[in-house]
Amino acid sequence: MSGDERMRSDSVTLADGSDTVDTVITPVTVLAGTTRPAPGYPDLPRDDVAARGTATFLEGHAIGIRDGMIAWIRPAAEVEAATLAQAAVIDGSGQVAIPGLMNSHTHSPMTMFRGSAEDVPIKDWFNKHIWPMEVNLTERDVTLGARLAVGEMLLGGVTNFADHYFFTDRIAEVVAESGARGHLASTFFSSQGPEGLERSAAFAERWNGAADGRITTTLGPHATYTVTDADLEATAEQARRLGVRTHIHAAESMNQTESSLERHGRTPVQVLHDTGILETGAIIAHGAGIVESDLEWLVPHADRVAVASCTKVYMKHAHTTTPVRMLHDAGLTVGLGTDGPASHNTLDVLESMRMMSLKQKDDHLDATWMTSAHALDLATRQSAAAFGLQDSLGVLAPGYKADVVLIDLQKPHLQPMHDLAAALVLSVKSSDVTTVLVDGRLVVEHGRLVTMDLTDTIAELNRRLPELSDRTRGTIQDYAP
């Protein structure tokens with residue numbers, strides 16, 4: 001049996017042998033799976049498909065959803081009229097279905113600071129703009145910023161996001177209300193004393209598994225340069241106790257890595273190793289300063305450690321980018337993130353995917369590196385693995401959760417269609433998203449939010465701007481990595 005035949009056979013297998021479904025999406029083209037490129041690519045022969053990775057699309061198919069799960073995927077012509085008669089039918093004509101996108105690192109409520117600190121060096125960005133403004137935050141501000149962010153992400157096909165911020169209970173409430181997923185961490189600094197870690201751990205324990213399992217949690221030490229080794233060791237102990245991972249900024253730039261070596265004789269990644277953070281599992285935000293010697297610490301934990309890359313931010317702040325090729329060849333997972341909208345300006349993961357693909361080609365002066373199939377693998381399967389959710393999300397297949405995004409392929413900028421994978425990476429816009437389901441529930445329909453109305457949120461947030469933008473009341477921290 002050929003590889004294509006195996007994919008088709010798997011794609012029509014029922015989850016439990018029953019045709020009964022709640023919802024059917026038909027007819028639609030389905031992104032049925034991606035495979036990770038072989039390590040060492042592109043040094044392998046150029047005609048070796050496995051070396052470049054694959055993206056398999058099934059045209060004219062239907063997706064059956066039952067109890068929030070994908071029950072089957074089969075040719076639309078094989079779906080019986082009786083099945084359609086008892087289900088809600090979503091017309092997928094002229095569209096492609098992809099897994100719900102996952103933003104592997106962001107600070108969602110920072111929508112409130114979008115565009116407030118532009119064209120400045122990174123040190124000034126923190127010390128003269130963002131951290132002095134964050135002193136002004138109230139819990140209500142975080143609710144408003146999170147509502148705007150979650151709405152923006154859902155409209156762009158982002159169904160889950162790894163968040164790292166303050167007043168995290170308010171963010172969790174927004175996630176629960178909106179029908180989205182959230183992988184949430186309560187941020188703390190060592191300057192806050194023991195209360196910071198205690199609050200982060202209490203939040204992780206309180207909310208993990210909430211909202212019918214749509215909320216998962218991690219611990220949230222801010223960074224290796226703002227949290228002491230002793231507090232990182234205590235974080236690892238709490239992670240073991242709670243059975244959760246850690247989300248932390250580390251090796252954010254090469255300057256940060258060089259500074260750590262000069263001051264402490266260790267890279268930030270070695271700090272994570274020495275304090276037990278890697279052993280308990282982690283999302284490493286950015287990792288643009290990861291060096292080859294760090295692989296010694298990372299590779300033994302490749303099954304539970306991922307690097308979240310936010311390429312647009314590195315270009316904007318003019319520093320090094322995540323060494324995706326080195327991490328790929330070492331077998332490490334890389335997830336796509338946006339960082340906060342104060343630095344990325346949008347929460348558009350499709351834009352992040354395009355930026356990464358192009359930046360990787362440019363950095364390596366190699367047009368064959370980071371193929372469209374590879375980029376789609378990062379955006380779907382690998383991003384799910386970054387959350388530790390690769391067994392339930394990131395793939396459209398029977399037995400996986402029904403987080404499904406439909407994208408309109410009839411837009412002028414996507415036609416004519418020579419290469420669907422390339423179109424999804426290089427041409428698509430977030431505004432091309434028409435329909436989004438989370439756990440089989442509609443949260444975006446016909447390009448409009450179903451579960452949220454942001455009109456009052458936007459108006460109230462704009463009224464808060466004078467108070468939020470006051471930079472005269474001190475600062476949260478001093479940025480000196």
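These legends describe close-up views of a predicted model. Local features need pLDDT of at least 70, side-chain atom pairs count only at pLDDT 80 or more, and totals for chains, interfaces and linings use all residues. Residues are numbered from 1 along each chain as its sequence is written, and side-chain values use heavy atoms, with hydrogens and water left out.

**View 1. The annotated domain, residues 97–443.**
An unreviewed UniProt entry places the feature "domain: Amidohydrolase-related" here. UniProt positions follow the numbering used here, feature names are shortened, and annotations may be inferred rather than shown by experiment. Over residues 97–443 the chain is 43% helix and 19% strand. The end C-alpha atoms of this stretch are 15 Å apart. Helices (H or I, at least four residues) and strands (E, at least two) are DSSP runs, numbered from the N terminus.

**View 2. The largest pocket, with about 440 Å³ of space.**
A pocket is an open set of points on a 1 Å grid over the protein atoms alone, with protein on both sides within 12 Å along at least five of seven lines; a cavity is a set where a 1.4 Å probe fits but cannot get out; lining residues have an atom within 4 Å of a point. Grid points are joined across faces, edges and corners, and a volume is the space filled by probe spheres set on the points. The lining of the largest pocket has 32 residues. I122, W125, F126, E252 and Y479 lie nearest the centre. Helix 4 (122–134) gives the most to this lining, six residues. Strand 7 (158–165), helix 9 (254–264), helix 13 (311–316) and helix 15 (341–344) each supply at least two. By class, the lining has 15 nonpolar, 14 polar and three charged residues. Nonpolar means Ala, Val, Leu, Ile, Met, Phe, Trp, Tyr, Cys and Pro; charged means Asp, Glu, Lys and Arg; the others, Gly among them, are polar.

**View 3. The second largest pocket, with about 260 Å³ of space.**
Twenty residues line this pocket. Nearest its centre lie F166, F167, T187, Q192 and R199. Helix 6 (168–178), strand 8 (182–188) and helix 7 (194–207) each supply at least two lining residues. Eight residues of the lining are nonpolar, six polar and six charged.

**View 4. Helix 5, residues 139–155.**
Helix 5 has 17 residues. From first C-alpha to last, helix 5 reaches 24 Å, close to the 24 Å expected at 1.5 Å a residue. The expected span is 1.5 Å times one less than the number of residues. Of the 17 residues, 13 are buried, that is, under 20% relative accessible area with a 1.4 Å probe, protein chains only. Just after helix 5, G157 takes a positive phi of about 85 degrees.

**View 5. The largest cavity, about 50 Å³ in volume.**
The whole structure holds two cavities of 30 Å³ or more. L31, I98, L101, L350, M353, L376, A379, T380, I407 and L424 line the largest cavity. Helix 16 (349–364) and helix 17 (372–386) are the elements that give two or more residues to this lining. Helix 17 has the largest share, three residues. Nine lining residues are nonpolar, one is polar and none is charged.

**View 6. The second largest cavity, about 40 Å³ in volume.**
L31, A32, G33, T34, P99, T380, G394, V395 and L396 line this cavity. Strand 1 (residues 23–35) gives the largest share, four residues. The lining has five nonpolar, four polar and no charged residues.

Terms used: Buried means under 20% relative accessible area, exposed over 50%, partly exposed in between (1.4 Å probe, protein chains only).
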